[in-house]
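Subject: Structure handover, salt bridges

Hi,

Please find the structure below. My notes on its salt bridges follow.

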Amino acid sequence: MRKIPVYSHPAAGWPALISSTRKLMDYQTFLRGGLSVLKSNQPKGGFDCPGCAWPDHKSHKAIDVCENGIKVIASETMTKKADAQFFARHSVTELQGWSGYELEHSGRLSEPVYYDAAQDRYLPISWEAAYTCIAEQLGQLDSPDQALFYTSGRVTNEPAFMYQLFVRCFGTNNLPDCSNMCHEPTSVMLGRQLGIGKATVKLEDFEQAKLILMFGQNPATNHPRMLEMLAHAHEQGCRILSINPMREQGLRKFRNPQKPTHMAAGQSDEMVDEVIQIQIGGDAALLTGIAKWLTKNNKINQSFMDEHTSGYEALDAWLRQQSWPDVECGSGISKEEIINIAKLVAASPATICTWGMGITQHVQGDDNVAMITNLLLLMGMIGIDGAGASPVRGHSNVQGDRTMGIHERPAQKLLDSLERVFERPMPQENGFDVVSGAKALIAGKLKVFMSMGGNYAVAAPDTSAIQHALTTTQLNIFVGTKLNETMLYPGANNLILPCLGRTERIITAKGEQFATIEDSMCQIVPTRGNLKPVSGTLKSEAQIVADIATHVLGADSSIPWQAMSEDFDIVRDYIAQAIDGFEDFNQRIRATERGFHLYHSARHRVWNTDSGKAQFEVPQYPITYVAAQMAETSLAFHHDKKPNDKTNNAPNNEQKIWQLTSVRSHDQFNTMIFGFEDRYRQTNRRDVLFMHPDEMTRLGWQAGDRVIVSRHAISNGSNNTDGTVQPRALGPLVLTEMDIAANAVATYYPECNDLFDLDTHAPDSHIPAYKSTTVVLQRVEANTGTTDHA
């Protein structure tokens with residue numbers, strides 16, 4: 001194979017420090033942001049960094065933040081404002097043409113504004129007038145279910161609890177959140193199999209693990225604080241395998257900025273021992289092969305299984321039916337290599353499986369998580385030190401928001417608890433998630449859309465269709481700190497309500513308040529901003545929720561909304577009464593600097609499942625699903641059908657079919673684009689298509705060629721008015737070399753989101769398949785404009 005030019009330096013180190021410093025300067029917040037960096041993740045009076053959900057170590061450092069976190073802090077602490085003067089200079093039509101990068105750098109939202117259609121501009125509005133508009137529009141709905149209330153993971157626990165309570169008091173469970181687009185298969189399948197949809201490990205388990213299997217993760221870019229723990233685990237003798245279609249260069253070595261010997265002498269720590277370069281979507285097939293060998297050779301923990309599990313017989317029968325040729329075809333990995341991994345699993349007394357969205361964001365995302373959990377159960381790796389399931393979430397409180405009740409499919413126990421505490425009925429019907437909510441919006445079934453943070457239209461598939469649908473509503477409400485694309489497609493009434501950021505102080509009539517978050521490993525941590533707000537008109541998210549609830553519910557509500565917004569201790573007292581695990585919340589959160597760990601039943605081998613035991617699950621999709629799709633059709637599979645129903649598949653296409661995945665760059669956080677540098681992939685632009693150079697040679701193409709990526713959409717409301725299916729295309733993109741699996745290409749999220757549709761999702765969790773779709777490629781000839789099919 002041809003040698004690929006790679007990033008030859010360790011992850012982090014001086015390039016990370018230089019990049020972080022430049023970003024603080026780019027946002028013109030070197031002093032203000034720098035002071036916040038010193039307070040990030042600090043146990044005494046500090047705030048929890050909003051850059052990721054990786055836990056804090058028990059031994060904190062004077063500077064305890066990564067490059068990614070500094071970029072998020074720089075973004076939030078900038079003093080440049082997107083205020084009335086800004087909106088007076090720029091019409092909404094003009095702003096619709098701005099890139100995500102330009103909107104991100106336009107400044108902090110600093111005063112409430114509404115859209116004036118006659119002037120095509122946002123104009124200032126008083127808070128009182130905004131609340132009155134909201135109350136009037138919500139009061140005109142035929143049903144509360146005509147409103148959708150979205151939540152981003154940036155919202156802390158206290159306002160999240162208030163928000164879900166307000167929405168349910170209003171009368172609906174339409175509470176989708178960003179979990180629907182990132183780790184929903186984790187929540188669904190771990191909940192089904194273990195009785196709780198969260199990580200079973202603590203951070204200390206990484207210090208005792210002997211084998212770590214990393215699935216679909218790129219921590220060097222997405223959660224760099226994890227690198228230090230991986231390097232430490234490796235130093236302790238733990239073997240670490242990265243299972244990923246892409247050989248991410250940021251996982252080779254780690255130069256720790258906290259170690260003088262690293263920074264001064266150029267030393268670094270090893271991390272990953274080996275990269276298992278599976279094909280896109282091949283995780284379940286690989287895990288099937290591992291489990292098949294372990295069961296056939298009796299390398300499983302039979303005593304654990306006998307005492308603690310149910311459903312093994314069905315899984316064993318299914319594993320026996322799977323042939324090794326199918327396993328190899330489905331995974332892209334040879335039988336010999338799979339057996340070698342299985343032998344490592346068999347020999348390990350303590351194994352952690354950790355994963356990111358490379359596992360979850362597939363049609364077979366539920367199966368991927370199920371097979372990871374099956375593997376851990378086969379080996380008895382739940383409930384012992386140094387072992388377990390470690391999903392790594394992105395937003396710093398996306399897990400906490402769910403714990404607080406932000407869920408479109410709430411457990412009956414939660415609804416009963418809320419009814420008991422607040423002495424009023426709660427809605428019983430499940431609400432819309434992100435996918436069904438977007439479909440309802442496109443179909444005209446929703447009249448009000450509210451977003452508590454986030455960039456809904458751009459984060460979801462079918463971005464263009466959702467943006468158009470937003471223009472047909474009666475009211476859109478956006479609570480946030482920064483302007484984004486979703487805010488620029490106004491309905492009849494459109495409001496932007498600016499809120500305080502994580503780094504800013506919350507001062508009320510009751511004094512300075514602190515909030516809390518829950519990290520990826522169930523630790524509840526206090527967070528307290530230290531900066532003066534960038535504008536005196538900003539309100540806390542809790543205050544905004546309380547004000548809206550007061551205006552909308554009025555005398556109908558006996559809940560002390562304003563008291564809660566002024567004194568977060570009151571909110572925490574209600575949480576302690578309504579949410580399991582938060583007993584004596586106010587006392588426990590103050591008892592230690594690092595907060596407290598929520599009780600995790602599965603960690604103690606208590607299984608809150610239907611069977612009372614941990615549950616093995618048989619996958620729903622064939623392990624050759626991806627290979628079959630690539631062989632049979634370039635049309636998206638319609639996943640409102642049953643998994644094995646292929647009646648809508650198209651006949652063979654003469655063009656080569658490629659598997660495309662979406663990736664995030666090193667200079668972004670979710671849909672926030674900080675810049676254009678992707679250091680580890682050695683590119684400084686976003687309009688790129690990554691491909692292995694061997695594939696380029698085979699096609700007669702080369703790096704720098706311009707390529708159009710296209711596929712066809714499923715009928716879902718984004719079709720043309722005459723009923724024909726609307727083609728989907730992206731580009732031309734610049735062909736760029738990457739060490740990626742054969743038959744695979746990658747491009748950047750969220751720019752590629754219109755290539756994905758709302759009908760292609762996992763069957764139970766409904767997560768959109770951002771990480772896998774079939775496409776065809778056309779090279780554009782530079783001089784003639786003609787195309788050359790791959």
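Are R679 and E67 buried or exposed? Both R679 and E67 are buried. Bear in mind throughout that this is a predicted model.

The side chains of these two residues, R679 and E67, form a salt bridge, with N to O at 2.8 Å. R679 sits in the loop between β26 (672–673) and β27 (688–691), while E67 belongs to helix α3 (residues 67–77), so the pair links parts 612 residues apart in sequence.

A second pair is E104 and K482. Their side chains also meet in a salt bridge, at 2.8 Å from N to O. Here E104 is in helix α6 (residues 100–104) and K482 is in the loop between β16 (475–480) and β17 (494–498), so this contact ties together parts that lie 378 residues apart in sequence. E104 is buried, and K482 is buried too.

Next, R681 and D678. Their closest N and O atoms are 2.9 Å apart, in a salt bridge. Both R681 and D678 are buried.

Salt bridges with shared partners connect K23, D26, E67, K71, D667 and R679. R679 and E67, the pair I began with, are among its members.

For the overall count, the structure has 38 salt bridges. The pairs above are among them: R679 with E67, E104 with K482, and R681 with D678.

Best wishes

Technical notes:
Residues are numbered from 1 along each chain as its sequence is written. This is a predicted model: local features need pLDDT of at least 70, side-chain atom pairs count only at pLDDT 80 or more; totals for chains, interfaces and linings use all residues. Side-chain values use heavy atoms; hydrogens and water are left out. A salt bridge is a side-chain nitrogen of Lys or Arg within 4 Å of a carboxyl oxygen of Asp or Glu. Helices (H or I, at least four residues) and strands (E, at least two) are DSSP runs, numbered from the N terminus. Buried means under 20% relative accessible area, exposed over 50%, partly exposed in between (1.4 Å probe, protein chains only).
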